[in-house]
Amino acid sequence: MTRPTIAITMGDPAGIGPEIIMKALAHAEVRTLCRALVIGDAERLRQAGRLVGADMTVDSLSDAGAADFDSGAVQCVDLKVVPADLPFGQVSPAAGEAAYRYIEKAVQVVQAGQAQGICTAPLSKEALHAAGHRFPGHTELLAHLTGTPEVSMMLVSPKLRVIHVTTHIGLIDAIAKIEPGLVERVIARGHGVLVKAGIANPKIGVCAINPHAGENGLFGRGEEAEKIAPAIEACRAKGWDVRGPLPADTLFFLAGRGDYDMVVAMYHDQGHGPIKVLGLEAGVNITVGLPVIRTSVDHGTAFDIAGTGIADERSLMEALRQAVDLAPKTAA
């Protein structure tokens, strides 16, 4: 059996990231699935382990190459950037800086061939900005660190896959940004991921922007015909099964029952809402278009419960499974 090494970033150390990592790594199935290499702070993980009752030791590593995945201990590349008195559940520049450093290191580890994918615990955008790193989130930060000009966010649950044309911008700005070339590139990235996942001819449904897909110009200002339809026609000319623009309310219902392999959402809440209704514990965020594999939990830092030990680790476990499925394998 082969197991890839997955670099798990600890996320915002004041959030639930350290707790869900320790909970997830306590499951034997996770250790069988992959070689988990945490990029974070070893002492914070130990503290989180005590909070959640995880009976595991944490090895503090100065280099990923020193990891001993057969030791039974959590392997942590220890950046030692978390202040000892950092409270849980509070936004702070120190925590934002730590979250940035974990991502930066994880990219370096993967680029050096010491891991085959990245799985991220949640960070706080507010804390990240307070530390001087002006990125809307993980997706844009990873694109910057890898020199990737354009990436897409895909959310995956057991019943639904959604890729987004726009994400972390306001709705008015999102509509202005949407244009046929962007829509076509997003469809192409999603199509490529599905083909690699073994779906030879994926059926892709593309959301409209306006209610009832604009009702032939009755609603909106002709956005469907101007911004979306040309991209769909270009993709169909390649022989792909791409349909739309379709009313979003109907399309998500059809996709949920299995009529479509993927939905293309035009903006953040159009795609996130249906996925999250299905359950936060089941959702996984995949960044499509990066030169490295990256998956993530589909929830935030949960500052309101951080430090209590009650956070649910299931989304992280599913994110690790998705990272393993997408990552190139190495010898166990």
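Me: How do E2 and E4 pair, then?
Reply: In the parallel sense, over four bridges. Ile 39 stands opposite Val 77 in E4.

Me: Before I go on, what kind of model is this?
Reply: A predicted one: local features need pLDDT of at least 70, side-chain atom pairs count only at pLDDT 80 or more, and totals for chains, interfaces and linings use all residues. Residues are numbered from 1 along each chain as its sequence is written, and side-chain values use heavy atoms, with hydrogens and water left out.

Me: What about E3 and E4?
Reply: They run parallel, joined by four bridges. Leu 61 stands opposite Val 77 in E4.

Me: Which residues sit on which side?
Reply: Val 74, Cys 76 and Asp 78 are on one side, Gln 75 and Val 77 on the other. In a regular strand the side chains alternate between the two faces of the sheet.

Me: What's the strand order in the whole sheet?
Reply: E3-E4-E2-E1-E5-E12-E11-E6-E7-E10-E8-E9, an open sheet of twelve strands with mixed pairing. The edge strands are E3 (58-61) and E9 (241-246).

Me: New topic. Where is Lys 276?
Reply: In helix H11, residues 268-277. Lys 276 counts as partly exposed because its relative accessibility is 37%.

Terms used
Helices (H or I, at least four residues) and strands (E, at least two) are DSSP runs, numbered from the N terminus. Buried means under 20% relative accessible area, exposed over 50%, partly exposed in between (1.4 Å probe, protein chains only). Two strands pair if DSSP finds at least two bridges between them.
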